[in-house]
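Colleague: Please take a close look at one part of this model, the salt-bridge network, and place it in its surroundings. Keep to what can be computed from the atoms.

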Amino acid sequence: MKPLAQEKAESVVDKENVQNVCDTASTQELEPIDFSKVVVEPLFEEEVDFDTFSRSDFRTVKVLNCEEVPKSKKLLKFTLDDGSGKERIILSGIKMYYTAEELVGKTLIAITNLPPRRMMGIDSCGMLISAIHEEEGEERLHLLMVDPHIPAGAKLY
């Protein structure tokens, strides 16, 4: 067991390190982004009533594991913590945009109440949410990642 004084000293150091990281992140200048060549899909003209929208269950999920699906050119298989106490499997066709390894530990957004969809012999139980646009004739995709302090299973409204 550590002496109380040592625990307090380590706690202060940890808080200082966290504050330094936060200060550095908030003062770093972000690289400017040129959106002049970006093309986005037009908005839907058809409206969705609130009851239809509210039946969609959007949740934060934590990536426990991510791996390439054998024999698939597009699919990554995600093992997720959705806050239910059971692991959730979701397949996503984003292999050309991300490596499996870089997504482990990330906090993502998923719609969790879609019926299972079988792909490559595996049931995918939901859908990860991404933003897609076109830039200079090429499709770009960004998986929505949120603050890691948000717990798995938090509902989005």
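Modeller: What follows starts with the ground rules, then goes to the network and the sheet beside it in the discussion. This is a predicted model, in which local features need pLDDT of at least 70, side-chain atom pairs count only at pLDDT 80 or more, and totals for chains, interfaces and linings use all residues. Residues are numbered from 1 along each chain as its sequence is written, and side-chain values use heavy atoms, with hydrogens and water left out.

The protein has three helices and ten strands; these are DSSP runs (helices H or I, at least four residues; strands E, at least two), numbered from the N terminus. Of its 157 residues, 24% are buried. Here buried means under 20% relative accessible area, exposed over 50%, and partly exposed in between, with a 1.4 Å probe and protein chains only.

A search of the whole structure gives eight salt bridges, each defined as a side-chain nitrogen of Lys or Arg within 4 Å of a carboxyl oxygen of Asp or Glu. Asp-57 takes part in a salt bridge with Arg-59, at 2.7 Å from N to O. Asp-57 also meets the side chain of Lys-155, here at 3.2 Å from N to O. Lys-155 lies in the segment after β10 (138-143) and Asp-57 in the loop between α2 and β2, so this pair ties together parts that are 98 residues apart in sequence. As for cover, Asp-57 is buried, because its relative accessible area is 18%. Arg-59, at 25% relative accessibility, counts as partly exposed, and Lys-155 is partly exposed with 30%. Salt bridges with shared partners join Asp-57, Arg-59 and Lys-155 into one network.

Next, the sheet. Strand β2 covers residues 58-68 and pairs with β3 (residues 76-81) in the antiparallel sense over six bridges; two strands pair if DSSP finds at least two bridges between them. Val-63 has Leu-80 in β3 as its bridge partner. Both strands belong to an open sheet of five strands with antiparallel pairing, in the order β4-β3-β2-β5-β8. Its edges are β4 (87-92) and β8 (127-128), each of which pairs on one side only.

Another salt bridge joins Asp-82 to Arg-88, with the closest N and O atoms 2.8 Å apart. Asp-82 and Arg-88 are both buried.
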